[in-house]
Protein chains: 2
Amino acid sequence: MTQPYDRGTPVAVRAPRGTALTARSWQTEAPLRMLMNNLDPEVAERPDDLVVYGGTGRAARDWPSYHAIVRSLTDLREDETLLVQSGRPVGVLRTHEWAPRVLIANSNLVGDWATWPEHRRLEQLGLTMYGQMTAGSWIYIGTQGILQGTYETFAAVAAKRFGGTLAGTLTLTGGCGGMGGAQPLAVTLNGGACLVVDVDPARLERRVGTRYLDVVAGSLDEGVELALAARRDRRALSVGVVGNCADVVPELLRRGVEVDVVTDQTSAHDPLSYLPSGVTLEEWAALAQEDPDGFTERARESMARHVEAMVGFQDAGAEVFDYGNSIRDEARQAGYGRAFDFPGFVPAYIRPLFAEGKGPFRWAALSGDPRDIAVTDRAVLDLFPENDHLGRWIRAAQDRVAYQGLPARICWLGHGERDVAGLRFNELVAAGDVAAPIAIGRDHLDSGSVASPYRETEAMADGSDAIADWPLLNALVNTASGATWVSLHHGGGVGMGRSIHAGQVSVADGTELAAQKLARVLANDPATGVLRHVDAGYDDAVAAAARGGLRVPMREGA
Amino acid sequence: MTQPYDRGTPVAVRAPRGTALTARSWQTEAPLRMLMNNLDPEVAERPDDLVVYGGTGRAARDWPSYHAIVRSLTDLREDETLLVQSGRPVGVLRTHEWAPRVLIANSNLVGDWATWPEHRRLEQLGLTMYGQMTAGSWIYIGTQGILQGTYETFAAVAAKRFGGTLAGTLTLTGGCGGMGGAQPLAVTLNGGACLVVDVDPARLERRVGTRYLDVVAGSLDEGVELALAARRDRRALSVGVVGNCADVVPELLRRGVEVDVVTDQTSAHDPLSYLPSGVTLEEWAALAQEDPDGFTERARESMARHVEAMVGFQDAGAEVFDYGNSIRDEARQAGYGRAFDFPGFVPAYIRPLFAEGKGPFRWAALSGDPRDIAVTDRAVLDLFPENDHLGRWIRAAQDRVAYQGLPARICWLGHGERDVAGLRFNELVAAGDVAAPIAIGRDHLDSGSVASPYRETEAMADGSDAIADWPLLNALVNTASGATWVSLHHGGGVGMGRSIHAGQVSVADGTELAAQKLARVLANDPATGVLRHVDAGYDDAVAAAARGGLRVPMREGA
Ligand SMILES: NC(=O)c1ccc[n+]([C@@H]2O[C@H](COP(=O)([O-])OP(=O)(O)OC[C@H]3O[C@@H](n4cnc5c(N)ncnc54)[C@H](O)[C@@H]3O)[C@@H](O)[C@H]2O)c1
Ligand SMILES: NC(=O)c1ccc[n+]([C@@H]2O[C@H](COP(=O)([O-])OP(=O)(O)OC[C@H]3O[C@@H](n4cnc5c(N)ncnc54)[C@H](O)[C@@H]3O)[C@@H](O)[C@H]2O)c1
């Protein structure tokens, strides 16, 4: 939205493909390609502005910083580590072979200053950037990244309320951007009908282009008609409608349209990225820049109307949940009293998975060759033959997901599974069964890597929602276990002051050293999630720790 | 102050001395001894309550946690890492030889929840503890720790205003606790007279016992008389007075007492640890516990009066500074408008040292033998013969500092000096010139390890005071460089919501591996401070980076 300072001259970026190294080794080639991949026009929402997704989530602070990172990575040795501070490379230090090659801290502010105005002030001075979760940590893989999580969530909704399928139901949601664009496909993969509202027709058209959305309706009336017909016929169909959620959602409630599930993924976490009712798409950028405070106020008022209508649908019997964009807290700040009447998606559906260390495991084929992903898909299906849910997902993804940038796959795996998969991938690389090494990472939204009281750590059993020690320990232990790059971010999907989260990416380059590192990182990383839930008192986690042989000192006798 | 929940049964703790190992190796014996040393009654302010210093700064969350940490460390292998979350051990994971043996995250909260009430709520649930800076990170070494910093600060005051000596000046200050108790001796080491006010006579008597304070006066009048006489005669003398600063400081201003320097180290960062005017020492604990909100309000009102008097002394020509306890912000919150009229001590005196990576380097003799410190003192004097200032300090410390717990030394060293000293210590261990290994660490208050807009990063040249990426990068890079334990804390000396900071301790055990680790950690740790100041535009830092051969990607050509 805001154009805080001159970020330099954009260049077109696309990761190199194939097996020829640009950098000195695959351990540095991997972050190089993944950074570039994040800025590939096929992947990034606004590549010229270095924005990958989520409104303002950037891969590098500005173009000079981007070029300096590329230079540093190209030259970096196997015992050196590059430090990146909010998208700018600030130093190269001598470490050792087991150390990460890149350490990243993005958007972190001291608590009392952890606000959007302070962030924007510093951003305008060129001193920081917003890293979102996987933008500034170089492991965004396009809309597929969220698709799996969204698929899992809607599957859980179906299981909880609709007998295991969304067939015969209508889901109403907003926002068809980088993350939100996964919603229509996730609903249809679960058999349901979906009506998705976005103010920007280009966003909807783009999702049709990538087969995530079936059709864009010419009007609200047409959209509602199409969606209700699909609901009636128990057909899977997704329909996009151009409009402002603050107007459309209350309107649909007034009309009494039969909606079964309501959620939202507009960029509500950043009030400047939520278009207030009455403002046109064309006026948006200028208005947000000229008067950020006034714009924020108007956006929050609109969100209050939007959330009020969501609560109305809940009162009418629909399944309603906050999908991780902090819209409830924004509505609360505008004075709406019932904003937190519906739950966040994590306590509602995801907590039991997190307790076992399950989360969005993902990997990318550095070769650029889709066949490499086909090989890894097969390997995963072979490794976990008893996991039907996983199999269904992998096959659906193969059928329906169009790659953006480097071919990649995501699937939810837990403690005791990720290391097994990672080691198998490393063997595939060593054996030449895939053309080049594989980068293995995950979203920051994971079992033990985030503190976020309105999302991942909402409603923890022991009340420890706001405790932020865990993501820090996660980053430290991944750094101590042999990850190739590690990141620590503030804000992410829920905005400034509301979360702290960590990421890691490890490279399976087929060497024995990589195998040793993968065995540790891919066990320890989800282990912190299990331990976090053991500490909070979840029985599932205690059982998972016992199964996984995790040592919990407070449970060991004197 | 508050007794949030039952912390279990206290035991008397004292670190083992000598060369017999309790743990499997010196790399785990060291954190074990240093944890125990932090709770040694000679060191800790309230050992039964696990409080080391700074009001509520704890070494472990509770006694069961303490025992579990001890058990885990005793058994920990050379490729395992113990995770500590706010003073409780939460897991043991398999890492590798170069990884830290302990990773610690204390008191961290997500930004919007980073407040005292939320911290206390969680503490009462037994879910967190306050780690201060070196309490929860097991490298507090008694009052000597702060003495060197205080000595440096008063030396800088003398250089700036009084021709290089405090002889003939009177310094007025408050608070004679764990940190504040260093003030009288630091002033007298610089030749000056000092009047120190504390509400608790026991604190003053204790400092007389450790030779940090010369005398406790029977009354305010007597104290003033003694201090003014010393000022007149240019004699070094420190005088303690029992009283409440909120009363005594305004009273001395009204009387027009000739004071040259004014500062304060009451525990103002935590309003429940600052006694409001009109409350007796005996009523304090109960009142703070019964009504924390009301107590906070009264404490802040008193602080406003206290700070107002400090501003009055400044108006009258005195050198006045905030000594890192956040009293200005507390007074501001009570509505006092001129609270920030005087500067913090870092921008006023310490910034140029930080720009060169200089900060409070410290080490402890794990043998418990004071002769080991004598040997290291000599080594440091030999290594830096041209540094007069350093020599003066070491000799003064040898003469005046009484060890508390394990013998230890502190001196400020910068980038390019710390690794030299550390490697020399490792040689001394290898050669048997000292009886046992040496633990080498530093305060969290250091050049690149802290973000704290009211203290260490106050008034940064580029306005980046609140950016918290740097301490996180510092912790990550120390973890990646071979430190023995690494910590990440929130709050510390300035309180909740106001700072994030990191610590590291590395063990010189005489092995070649330790040498390799020390060479990296003791270079990279201060390097992050130099890089932070390069990035903020300090010329001194640019020069230090060039001297030290530090690579700054944004300054390297395309
Ligand atoms: N649940 C999760 O796991 C998760 C993960 C990451 C991000 N998020 C959050 O989801 C939200 C969406 O992320 P994104 O990457 O898709 O953002 P984005 O900026 O790419 O897309 C947001 C979309 O919302 C539309 N929009 C804005 N205001 C609107 C309004 N009033 N009415 C209708 N449409 C409007 C925009 O046109 C845009 O297409 C963010 O808040 C993000 O932080 C959630
Ligand atoms: N400058 C630095 O480098 C630095 C470093 C660490 C801590 N600190 C800060 O310095 C402060 C003191 O730390 P400490 O470890 O000495 O704390 P402490 O709790 O051990 O001592 C505080 C002392 O203040 C006294 N006190 C409280 N209210 C008073 C009042 N109204 N009038 C007079 N005396 C009063 C107490 O009796 C106590 O002796 C803390 O706020 C701490 O965070 C500064």
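This is a predicted model: local features need pLDDT of at least 70, side-chain atom pairs count only at pLDDT 80 or more; totals for chains, interfaces and linings use all residues.
Since A:Asp525 belongs to helix α17 of chain A and A:Arg418 to helix α15 (residues 418–431) of chain A, the pair ties together parts that are 107 residues apart in sequence. A:Arg418 is buried as well, because its relative accessible area is 1%.

Side chains of opposite charge can pair when their charged atoms come close. Over all chains, the structure holds 84 salt bridges. Some are joined into a network, as in chain A, where salt bridges link A:Arg7, A:Arg46, A:Asp49, A:Arg58 and A:Glu123.

## Charged pairs in chain B

In chain B, the side chains of B:Asp377 and B:Arg409 form a salt bridge with an N to O distance of 2.9 Å. This pair ties together parts that are 32 residues apart in sequence, because B:Asp377 lies in helix α13 (residues 370–383) of chain B, while B:Arg409 lies in strand β13 (residues 408–413) of chain B. B:Asp377 is buried, with a relative accessible area of 1%, and B:Arg409 is buried with a relative accessible area of 1%.

Another salt bridge joins B:Arg58 to B:Asp49, with 3.2 Å between the closest N and O atoms, and both of these residues are buried.

In soluble globular proteins, nonpolar side chains tend to be buried together. The largest nonpolar core of this model has 188 residues, and those with the most contacts inside it are A:Tyr66, A:Trp138 and A:Phe425. Helix α17 (residues 512–535) of chain A gives the most to this core, namely 7 residues. A second, separate core has 97 residues, including B:Tyr66 and B:Phe425.

When neighbours within four places in sequence are left aside, the residues in contact with A:Phe425 include A:Phe361, A:Trp363, A:Val380, A:Ile438 and A:Ala508, and A:Thr376 is also among them.

## Where chain A meets chain B

The contact between the two chains takes 84 residues from chain A and 84 residues from chain B. Together the chains bury about 6700 Å² between them, of which 65% is on carbon and sulfur atoms. On the side of chain A, the residues that lose the most area to chain B are A:Leu476, A:Arg551 and A:Met554, which together make up 10% of what that side buries.

Between chain A and chain B there are 4 salt bridges, and B:Arg551 and A:Asp75 meet through their side chains in a salt bridge with an N to O distance of 3.8 Å. Across this interface there are also 28 residue pairs in polar contact. Helix α16 of chain A supplies the largest share of the side that touches chain B, with 8 residues, and the residues of that side divide into 46 nonpolar, 23 polar and 15 charged.

## A buried histidine in chain B

B:His119 has its place in helix α3 (residues 116–124) of chain B, and B:His119 is buried, because its relative accessible area is 2%. Apart from residues up to four places away in sequence, B:His119 touches B:Leu109, B:Thr128, B:Met129, B:Tyr130 and B:Met496. The C-alpha atoms of B:His119 and B:Asn108 are separated by 9.1 Å, and these two residues are 11 residues apart along the chain.

Methods. Residues are numbered from 1 along each chain as its sequence is written. Chains are lettered from A and ligands numbered from 1 in the order in which they are written. Side-chain values use heavy atoms; hydrogens and water are left out. A nonpolar core is a set of buried Ala, Val, Leu, Ile, Met, Phe, Trp, Tyr and Cys residues joined through side-chain atoms within 4.5 Å. Buried means under 20% relative accessible area, exposed over 50%, partly exposed in between (1.4 Å probe, protein chains only). Helices (H or I, at least four residues) and strands (E, at least two) are DSSP runs, numbered from the N terminus. Contact means heavy atoms within 4.5 Å. Buried area is the accessible area (1.4 Å probe) that two parts lose on being put together, summed over both. A polar contact is a pair of N or O atoms within 3.5 Å; within protein, one must be able to donate a hydrogen and the other to accept it, and residues adjacent in sequence count only if both atoms are side-chain atoms. Ala, Val, Leu, Ile, Met, Phe, Trp, Tyr, Cys and Pro count as nonpolar, Asp, Glu, Lys and Arg as charged, and the others, Gly among them, as polar.
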